[in-house]
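Keep the 3D view open as you read.

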Amino acid sequence: MTNLAVLGLGSMGSALAHCLLEAGHNISVWNRTPDKAEGLAKAGAKVFDSADEAVAASDFTIVCIKSHRETVELVGGLSVPLTGKTICDMSTGDTSDADALVAMLAERGADYMLGMINAYPSGVGENDVTILTVGSADAWDQYGDIIRTLGGKSAYVGKQPAALAALFAGLFTVRQGFMFGMIYGALVCQKTGIPMKVFSDQIPATLKLVNDYYDLFAKTVPAENYDNAEASLKIYALAQEDALKTFQSLDAPAEFIQLIYERTKTAWDEGLGEKQLTALVKHMAG
Ligand SMILES: NC(=O)c1ccc[n+]([C@@H]2O[C@H](COP(=O)([O-])OP(=O)(O)OC[C@H]3O[C@@H](n4cnc5c(N)ncnc54)[C@H](OP(=O)(O)O)[C@@H]3O)[C@@H](O)[C@H]2O)c1
């Protein structure tokens with residue numbers, strides 16, 4: 001059986017460690033503040049006083065601390081040899097820290113994996129939870145099953161360290177775009193006295209219209225085939241223009257819908273009016 005370690009036993013690190021224990025793995029754990037390891041000691045984990053000892057006892061070490069930057073400091077400062085070991089950082093981070101971490105691990109002879117956990121600690125171990133990873137193909141072959149124990153829908157998305165940060169930024173932007181859409185939407189509705197309850201109750205129905213778009217990116221963008229639009233880019237631009245005029249006439253903050261309209265109208269002016277709205281991915285990439 002693979003020897004596993006978890007470094008960092010905050011909310012998420014503890015959840016990961018407990019899940020691995022419950023799945024029958026032997027694990028070594030370490031936390032900078034020792035008290036946080038007490039529950040895991042009772043549950044059967046081997047608690048070490050130093051990160052060096054925990055890493056020395058393991059083949060595959062999951063780090064879950066503040067960010068990649070702290071991981072670079074922590075793992076870079078270890079005195080134990082890392083050759084042949086795999087370090088998997090589940091801490092969040094940006095692209096440059098991800099690159100720095102992978103470069104440091106390569107210098108120390110260790111294999112790397114970076115993981116993005118799309119769940120709260122209470123969801124760890126659930127079948128429908130996703131942990132997206134980047135790393136060497138070998139590391140995924142060897143340890144992918146362990147990651148799938150932590151999240152049943154986990155997947156490997158490639159080697160490039162920056163890819164995970166890009167995926168985080170992309171998916172976070174989807175969420176934030178939706179949340180900001182609700183904020184602007186609430187503002188324009190308020191201007192005419194529409195009760196917030198009426199506005200909120202309509203959100204699930206309006207979101208159903210977005211469902212078809214999930215698949216459309218994979219279907220249209222790689223092949224650059226944006227034909228046969230059920231609702232064309234031109235139709236969206238016209239509706240956006242109406243919405244923009246409403247925001248403006250009611251004196252509601254209009255910059256969000258204005259940006260959306262300007263992007264779409266420019267693409268229409270450049271001949272993409274009959275295409276799918278996803279044609280904007282190619283158009284905006286320049
Ligand atoms: N919580 C979530 O819902 C969630 C979801 C997805 C991803 N994540 C990611 O998981 C990571 C941990 O989050 P969390 O919720 O577990 O945070 P947390 O409860 O605040 O725990 C943070 C942990 O990091 C350790 N730590 C911080 N700086 C350190 C350093 N310089 N050296 C060594 N250890 C250090 C802390 O040790 P001490 O106990 O000694 O302070 C603690 O164990 C973050 O990158 C977060 O973005 C969290």
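Predicted model: local features only at pLDDT ≥ 70, side-chain atom pairs only at ≥ 80, totals over all residues.

Why quote an area here? The size of an interface is often given as the accessible area lost when the parts come together.

So who's who? Domain 1 covers 4-159, while domain 2 covers 164-285. Their centres, taken over C-alpha atoms, are 38 Å apart. At the interface, 11 residues of domain 1 touch 5 residues of domain 2.

How many salt bridges are there between domain 1 and domain 2? The count is 0. On the side of domain 1 that touches domain 2, strand S6 (111-117) and strand S7 (131-135) each supply at least two residues. That side of domain 1 divides into 5 nonpolar, 5 polar and 1 charged residue.

## Around the ligand

Now move over to the ligand. It's surrounded by 19 residues, and the closest are Met12, Asn31, Thr33, Lys36 and Thr92. Here are some distances to look up in the 3D view, each to an oxygen atom of the ligand:

| Residue | Atom in the residue | Distance to a ligand oxygen |
|---|---|---|
| Gly10 | polar backbone atom | 3.1 Å |
| Ser11 | backbone N or O atom | 2.9 Å |
| Asn31 | polar side-chain atom | 2.7 Å |

Asn31 turns up in both places: in the list of closest residues and, through its side chain, in the table.

Conventions. Residues numbered from 1 in each chain as written. Heavy atoms only, no water. Domains from an automatic or database assignment. Contact = heavy atoms within 4.5 Å. Salt bridge = Lys/Arg side-chain N within 4 Å of Asp/Glu carboxyl O. Helix = DSSP H or I, 4+ residues; strand = E, 2+ residues; numbered from the N terminus. Nonpolar A, V, L, I, M, F, W, Y, C, P; charged D, E, K, R; others polar. Near = heavy atom within 4 Å. Polar contact = N/O pair within 3.5 Å; in protein donor to acceptor, adjacent residues only side chain to side chain.
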